[in-house]
Amino acid sequence: MESKFVQRLDLDESCKGLHEETFNESETTQHDLSKNLESCTAESDSMEEEYSEDLEVSEPYVGMEFKSRDDAREFYVSYGRRTGFTVRIHHNRRSRINEEVISQDFVCSKEGFRAKKYIERKDRVLPPPPITREGCRAMIRVTLRDGGKWVVTKFMRDHSHKLMSPNELPWRRSDKILLTEDEKDKKIRELTIELYNEKRRCERRCAAYQEQLQMVLKDIETHTEKLSRRVQDVVQSIKEIEEE
């Protein structure tokens with residue numbers, strides 16, 4: 001009887017320990033779940049704040065700042081797609097000190113007019129393409145400020161044409177294909193240097209060819225003078241023979 005009582009006590013104590021263990025594990029699990037829930041809630045709140053900020057800044061304004069020209073271009077392109085127009089890169093201004101771009105214009109693709117020389121061509125075989133430029137003045141200008149920030153210094157909202165719906169806009173190429181503005185400037189500088197070097201090589205080749213041509217012309221002139229003297233000698237000899 002005593003051994004059975006001891007076994008029952010051991011069994012009760014083991015069940016009690018198991019119950020306490022299970023209770024502790026459930027408490028830990030609930031604590032982890034609450035922590036995960038709090039982190040997810042914080043994340044969703046931050047995403048909602050960012051989304052609300054994006055909604056608030058749905059249109060550019062003078063004084064708006066960007067980290068780079070590319071960010072300004074991407075923002076204006078996205079704004080154009082939401083509004084109903086496409087964007088084209090326009091004039092830029094460079095520094096006189098280091099030739100870096102310090103101001104950039106992004107305009108509506110219908111900015112300006114087609115040049116008359118393309119409209120009034122008489123040697124045209126195919127019919128002219130449809131006119132896409134209508135003198136629209138909508139644009140944005142960003143300027144580089146101290147600290148490396150690009151700031152909107154000019155914004156013109158109104159368009160002189162009917163805006164399209166987002167479904168009517170042409171598809172944009174992948175961002176992997178598009179070059180950044182700095183890459184474009186670097187490529188332009190490289191091509192400019194290459195063009196200058198090729199021009200110098202052409203000038204040197206032309207000078208060498210010109211020198212060779214002058215030598216050939218001089219030889220021809222000398223040979224012509226010799227032939228002329230020989231002809232005169234022959235004519236003189238014939239005259240003397242006739243006189244005799």
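The chain exposes about 20,400 Å² of surface. Carbon and sulfur atoms supply 54% of that area. Such areas come from the Shrake-Rupley method with a 1.4 Å probe, and for residues only the protein chains shown count as cover. Of the 244 residues in the chain, 16% are buried. Buried means under 20% relative accessible area, exposed means over 50%, and partly exposed lies in between (1.4 Å probe, protein chains only).

This is a predicted model: local features need pLDDT of at least 70, side-chain atom pairs count only at pLDDT 80 or more, and totals for chains, interfaces and linings use all residues. Residues are numbered from 1 along each chain as its sequence is written, and side-chain values use heavy atoms, with hydrogens and water left out.

How confident is the predictor? The score is pLDDT, the predictor's confidence in each residue, from 0 to 100. The chain averages 76, and 70% of the residues score at least 70. Among the elements, helix H1 (residues 2-56) has the lowest mean pLDDT, 48. Strand S4 (residues 139-144) has the highest, 94. Residues 1-11 stay under 50, and the model gives them zero contacts beyond four places in sequence. A contact means heavy atoms within 4.5 Å. Where pLDDT is low, the predicted coordinates should not be read in detail.

Now follow the chain. It holds four helices and five strands. These are DSSP runs, numbered from the N terminus: helices are H or I with at least four residues, strands are E with at least two. From the N terminus on, the order is α-β-α-β-β-α-β-β-α. Take the contacts with a separation of 6 or more: 55% of them join residues 24 or more positions apart.

The five strands form an open sheet. Their order across the sheet is S1-S5-S4-S3-S2, and the pairing is antiparallel. Two strands pair if DSSP finds at least two bridges between them. Strand S1 (65-66) and strand S2 (87-94) are the edge strands, and each pairs on one side only. Helix H2 packs on the sheet, touching S1, S2, S3, S4 and S5. The direction of H2 makes about 10 degrees with that of S3. For such angles, axes are lines fitted to C-alpha atoms, for helices over the stretch in contact, and angles run from 0 to 180 degrees between N-to-C directions.

Walk across the sheet from S2. Six bridges pair S2 with strand S3 (residues 101-108) in the antiparallel sense. Here Ile89 has Phe106 in S3 as its bridge partner. The loop between S2 and S3 holds Glu99. Glu99 is not a glycine, yet it has a positive phi of about 65 degrees. With 47% relative accessibility, Glu99 is partly exposed. Next, S3 and S4 pair antiparallel over five bridges. Arg141 has Lys154 in S5 as its bridge partner. The hairpin of S4 and S5 has five residues between the strands, and Gly147 there takes a positive phi near 100 degrees.

Finally, look at the aromatic rings. The structure holds five aromatic pairs. Rings of Phe, Tyr and Trp (its six-membered ring) pair if their centres lie within 6.5 Å; planes under 30 degrees apart count as stacked, over 60 as edge-to-face and the rest as tilted. Tyr76 and Tyr79 have ring centres 5.9 Å apart and planes at 25 degrees, so this pair is stacked. Both residues lie in helix H2 (residues 69-83). They are three residues apart, about one turn of the helix. Tyr76 is buried at 1% relative accessible area, and Tyr79 is buried at 6%.

What type of pair do Tyr79 and Phe155 make? Their ring centres are 6.3 Å apart and their planes stand at 70 degrees, so the pair is edge-to-face. This pair links distant parts of the chain: Tyr79 sits in helix H2 and Phe155 in strand S5 (residues 150-156), 76 residues apart. Phe155 counts as buried too, at 17% relative accessibility. Tyr76, Tyr79, Phe85 and Phe155 together form one aromatic cluster.
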